[in-house]
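These are my notebook entries on a single chain. I set down what I looked up, one topic at a time.

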Amino acid sequence: MLNNRKLSSLLPSIFICAIAGLSTQAYAATVSEVMQAGEQRADAGQKAQAEVDSVADQTEKILNDYRSVTKVVDGLQVYNKLLQTQLDNQNAEMEALTESIANVALIERQIVPLMTRMVDGLEQFVQLDTPFLLEERTGRVERLRGIMERSDVSAAEKLRNVLEGYQIENDYGRTIEAYKGTQEVNGNQLEVDFLRIGRVALMYQTVGAGYTGAWDATTNSWVELPAATYQKQVTDGIKIARKQVAPDLLIVPVPAPTREVQ
């Protein structure tokens with residue numbers, strides 16, 4: 001009987017211990033599950049953060065690419081605008097050239113007679129002018145006539161030659177020149193030195209300064225000059241024209257101006 005009572009008293013304690021053991025095991029399992037869930041959430045959070053960082057990096061890269069492309073587009077727009085302006089200018093020049101080409105034949109028909117009249121006028125001017133370098137000047141006029149008759153010379157080149165001839169004649173009026181030639185003196189052809197001072201005076205002097213003469217525009221003839229007055233002046237003028245001495249004042253025969261009575 002005693003043993004049964006002892007056993008009865010021990011059974012609640014054993015039951016309580018069993019329950020306590022079961023509670024400890026359940027608690028341990030629950031903590032493990034909580035920790036495991038926490039780790040899973042942490043891993044998921046890290047993965048989510050990594051994804052967020054990746055998306056942020058991609059977004060930043062896309063934004064930078066967009067800014068770069070925007071700058072390129074802005075540059076291309078400015079460049080295209082400049083090209084369009086150049087194309088407009090070129091089209092305008094092409095239209096102008098096309099119109100000019102269309103008018104070339106008309107212009108050439110008008111300018112060729114003008115150049116012919118200019119050559120005629122130049123020839124007449126040489127004939128009426130002071131007779132210096134006549135062979136050279138008349139030869140230039142003849143050369144211009146030959147150029148005008150050539151078909152292989154363009155109208156522009158013909159005009160350039162005609163204008164050059166006029167320019168040469170114009171320069172004669174602003175220069176001083178000494179050159180050798182022949183002149184009839186007392187019925188004999190003698191070698192002389194000519195002195196031209198612009199178109200104001202044309203004089204000559206025989207070798208040795210034995211005879212000095214000048215062109216008289218009033219009578220269109222050569223006249224003898226007084227040696228006492230002009231011999232040394234013409235000699236000095238020839239030296240000045242040849243740059244053998246320094247420039248100096250000269251006394252030369254100049255026709256007095258005349259006034260026509262109305």
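Predicted model: local features only at pLDDT ≥ 70, side-chain atom pairs only at ≥ 80, totals over all residues.

Which residues of E3 lie on one side and which on the other, and are they buried or exposed?

**Entry 1: the faces of E3.** I looked up strand E3, which covers residues 201–206. On one side I found Ala 201, Met 203 and Gln 205, and on the other Leu 202, Tyr 204 and Thr 206. All of these are buried, and both faces of E3 are therefore covered, since buried means under 20% relative accessible area. The count for the strand is six buried residues of six. I recalled a general rule here: side chains in a regular strand alternate between the two faces of the sheet.

**Entry 2: the pairing of E3 with E2.** I next looked up strand E2, residues 188–197. E2 and E3 pair in the antiparallel sense, and I recorded six bridges between them. At one of the bridges, Ile 197 has Ala 201 of E3 as its partner. The two strands form a hairpin with three residues between them. In that turn, Gly 198 has a positive phi of about 55 degrees.

**Entry 3: the pairing of E3 with E4.** I then turned to strand E4, residues 212–216. E4 also pairs with E3 in the antiparallel sense, here over three bridges. Tyr 204 stands opposite Gly 213 in E4. Five residues separate the strands in this hairpin, and Gly 208 takes a positive phi near 90 degrees.

Entry 4: Which residues make the nonpolar surface patch? I found Leu 97, Ile 101 and Val 104, which together give about 300 Å². Val 104 belongs to helix H1, which runs over residues 2–128.

**Entry 5: the whole chain.** Finally, I looked up the chain as a whole. I recorded four helices and five strands, in the order α-α-α-β-β-β-β-β-α along the sequence. Of the 262 residues, 21% are buried. The accessible surface of the chain comes to about 19200 Å², and carbon and sulfur atoms account for 58% of that area. I also noted the contacts between residues at least 6 apart in sequence: 43% of them join residues at least 24 apart.

Technical notes. Residues numbered from 1 in each chain as written. Heavy atoms only, no water. Patch = residues over 30% accessible without salt bridge, like charges linked within 9 Å, V, L, I, M, F, W, Y side chains within 5 Å. Areas by Shrake-Rupley, 256 points an atom, 1.4 Å probe, with all protein chains shown as cover. Salt bridge = Lys/Arg side-chain N within 4 Å of Asp/Glu carboxyl O. Buried < 20%, exposed > 50% of the residue type's maximum accessible area, 1.4 Å probe, protein only. Pairing = 2+ DSSP bridges. Contact = heavy atoms within 4.5 Å.
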